[in-house]
Amino acid sequence: MARVVVDVMLKPEILDPQGQAVQRALPRLGFTGIADVRQGKRFELEVEGPVDDAALARIREAAETFLANTVIEDFTVRVEDK
């Protein structure tokens with residue numbers, strides 16, 4: 001089995017209140033020097049069979065229609081080595 005990872009992030013122009021809350025909390029916890037924080041989602045899909053172009057196309061379709069809200073989020077799809 002192969003693992004395909006779909007990372008979903010808010011588009012840069014979309015406000016990220018969760019990321020901002022983390023960014024404000026870090027210095028209070030002693031973590032300085034971090035200029036910006038953006039929060040996202042990671043999906044790990046275990047794929048049966050080969051991960052060929054057709055399988056990646058189906059996963060991209062799933063990401064575009066179900067895993068990400070493409071109005072406000074971008075996504076990337078990649079095969080991860082186990």
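Start by selecting Val4, Val6, Val8, Val47, Leu56, Ile59, Ala63, Leu67, Ala68 and Val77: these 10 residues form the largest nonpolar core. Here a nonpolar core is a set of buried Ala, Val, Leu, Ile, Met, Phe, Trp, Tyr and Cys residues joined through side-chain atoms within 4.5 Å, and buried means under 20% relative accessible area, with exposed over 50% and partly exposed in between (1.4 Å probe, protein chains only). The most comes from α2, with 4 residues. In soluble globular proteins, nonpolar side chains tend to be buried together.

A word on what is on your screen: this is a predicted model, in which local features need pLDDT of at least 70, side-chain atom pairs count only at pLDDT 80 or more, and totals for chains, interfaces and linings use all residues. Residues are numbered from 1 along each chain as its sequence is written, and side-chain values use heavy atoms, with hydrogens and water left out.

**Zoom in on Val8**

Keep Val8 selected and show its surroundings. Leaving aside neighbours within four places in sequence, Val8 is in contact (heavy atoms within 4.5 Å) with Gly40, Lys41, Phe43, Leu67, Ala68, Glu73, Asp74 and Phe75.

**Switch to the cartoon**

Now display the secondary structure: you will find 2 helices and 3 strands, running β-α-β-α-β along the sequence. Both kinds of element are DSSP runs numbered from the N terminus, helices being H or I with at least four residues and strands E with at least two.

**Stop at Ile34**

Select Ile34, in the loop between α1 (17–28) and β2 (40–47). Is Ile34 buried or partly exposed? Ile34 is partly exposed, with a relative accessible area of 43%. Beyond its neighbours within four places in sequence, Ile34 is in contact with Gln23 and Leu26. Draw a distance between the C-alpha atoms of Ile34 and Gln23: these residues are 11 apart along the chain, and the separation is 7.3 Å.

**Zoom out**

Finally, show the whole C-alpha trace, which spans about 50 × 30 × 15 Å along its principal axes. The radius of gyration, taken over C-alpha atoms, is 16 Å, whereas a compact globule of 82 residues would have one near 12 Å; the globule rule is 2.2 Å times the number of residues to the power 0.38. Buried residues make up 24% of the 82. Among contacts with a separation of 6 or more, 75% join residues 24 or more positions apart.
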